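Here is a short tour of a protein model, written for someone who likes to see the cut-offs beside the numbers. Please keep the viewer open while you read.

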Amino acid sequence: MELIKRLDNKYKSITLPADQDERNTLAIAEREHYRQLYHAQLLRSTELADILRELQQLPDSALRNPLPPVSVPIDITGINPHDPSAPVELKLARGVSERIAEGDLAIVGRDVVGRVTDVGLTRVSLLPTTHLSHGHVRTTIVPAHPQSGRSPILATVLAYADGKPFLYAECASSLDVQIGDLVVIDDSSWSEHAKGLIVGKVAAISPIDEAPLRSSLKIMPRRKTRDVARVIVLGSAAGSD
């Protein structure tokens with residue numbers, strides 16, 4: 001019995017603080033530790049809520065993708081600030097690269113902000129929709145407000161880039177195309193779930209000739225990769241088990 005008491009006293013002398021100051025210091029350290037854990041969990045729950053809202057805003061065409069979308073935070077590791085149409089390099093979370101393939105679309109809500117051109121273990125490169133390499137893209141112009149009484153399809157045009165931070169297109173001047181109308185993808189060379197996604201809105205209309213029979217359209221993207229917190233990639237790679 002005496003041996004047990006001695007061992008108990010020895011254990012207490014090792015594990016318990018020697019005085020009240022040490023107890024206070026330990027309590028303060030533990031409180032700070034749990035406070036940091038609480039704030040970390042709060043930030044994580046806020047991040048997950050933001051991702052959920054973004055997924056809920058995805059259009060039906062994006063949900064037709066057979067694989068689940070991938071949420072990629074915007075952590076830019078490479079960018080040319082003097083060329084808004086230059087590729088943008090983003091950092092990837094661990095394991096995400098296996099679910100993304102070259103050519104996949106990066107979207108924000110209903111807007112396409114780029115296409116994947118290169119996938120590494122830790123980084124992915126996106127080409128903005130205004131990059132020259134996309135060539136001519138078949139698009140459809142629709143009213144920004146479907147209940148406006150106008151035709152649901154105003155024009156079908158080929159949109160193209162010339163190195164500037166917007167797209168161009170031409171259409172007949174007799175068509176009811178107005179500034180603010182939306183330009184959506186309608187191109188069979190793009191993935192099936194890209195159809196109906198927005199590439200931009202009509203920002204300016206100018207006559208091409210003196211008649212004028214045709215008009216030039218300036219199409220401005222509504223969203224840009226460098227201006228948002230994260231993008232949703234419609235991944236086409238199944239990944240590894």
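The report below goes through strands, a cavity, aromatic rings and a few separate residues.

This is a predicted model, in which local features need pLDDT of at least 70 and side-chain atom pairs count only at pLDDT 80 or more, while totals for chains, interfaces and linings use all residues. Residues are numbered from 1 along each chain as its sequence is written, and side-chain values use heavy atoms, with hydrogens and water left out.

**Strands around β13**

β13 pairs with strand β1 (residues 70–73) in the antiparallel sense over 4 bridges, where two strands pair if DSSP finds at least two bridges between them. Ser71 has Ile232 as its bridge partner in β13. β13 also pairs with β4 (residues 105–108), again antiparallel, over 3 bridges. Here Leu105 is partnered by Leu234, and Ala106 by Val233.

In β4, Leu105 and Ile107 point one way, Ala106 and Val108 the other way, and all are buried. β4 is joined by 4 bridges to the antiparallel strand β5 (residues 111–119), with Val108 opposite Asp111. The hairpin of β4 and β5 has 2 residues between the strands, and Gly109 takes a positive phi near 65° there.

Of the 6 residues of β7, 5 are buried, and the strand is mostly covered.

| Strand pair | Sense | Bridges |
|---|---|---|
| β1 and β13 | antiparallel | 4 bridges |
| β4 and β13 | antiparallel | 3 bridges |
| β4 and β5 | antiparallel | 4 bridges |
| β7 and β8 | antiparallel | 5 bridges |
| β7 and β10 | antiparallel | 4 bridges |

Val137 stands opposite Ala159 in β8, and Thr140 stands opposite Val184 in β10.

A search of the whole structure finds 2 cavities of 30 Å³ or more. On a 1 Å grid over the protein atoms alone, a cavity is a set of points where a 1.4 Å probe fits but cannot get out, and lining residues have an atom within 4 Å of a point. Grid points are joined across faces, edges and corners, and a volume is the space filled by probe spheres set on the points.

The second largest cavity has a volume of about 70 Å³. Which elements give two or more residues to its lining? They are β7 (137–142) and β8 (155–161), and β8 gives the most, with 3 residues. The lining includes Val137, Thr139, Ala159, Tyr160, Ala161 and Trp190. By class, the lining has 7 nonpolar residues, 4 polar and no charged; Ala, Val, Leu, Ile, Met, Phe, Trp, Tyr, Cys and Pro count as nonpolar, Asp, Glu, Lys and Arg as charged, and the others, Gly among them, as polar.

**Rings and charges**

The whole structure holds 2 aromatic pairs. Rings of Phe, Tyr and Trp (its six-membered ring) pair if their centres lie within 6.5 Å, with planes under 30 degrees apart counted as stacked, over 60 as edge-to-face and the rest as tilted. The rings of Phe166 and Tyr168 have centres 5.4 Å apart and planes at 80°, so this pair is edge-to-face. Phe166 is buried at 11% relative accessibility, and Tyr168 is buried at 17%. Ring pairs link Tyr160, Phe166 and Tyr168 into a cluster.

Charges sit over rings too, which requires NZ of Lys or CZ of Arg within 6 Å of the ring centre and within 35 degrees of the ring normal. The charged end of Lys218 lies over the ring of Phe166, 4.2 Å from its centre. Arg115 lies over the face of Trp190, at 4.1 Å from the ring centre.

**Two partly exposed residues**

Arg123 belongs to strand β6 (residues 123–127) and is partly exposed at 39% relative accessibility. Its C-alpha atom is 7.8 Å from that of Ser97, 26 residues apart along the chain. Ala172, in strand β9 (residues 167–172), is partly exposed with a relative accessible area of 25%. Ala172 and Ala155 are 17 residues apart in sequence and 8.7 Å apart in space, C-alpha to C-alpha.

Conventions:
On a 1 Å grid over the protein atoms alone, a cavity is a set of points where a 1.4 Å probe fits but cannot get out, and a pocket is an open set with protein on both sides within 12 Å along at least five of seven lines; lining residues have an atom within 4 Å of a point. Buried means under 20% relative accessible area, exposed over 50%, partly exposed in between (1.4 Å probe, protein chains only).
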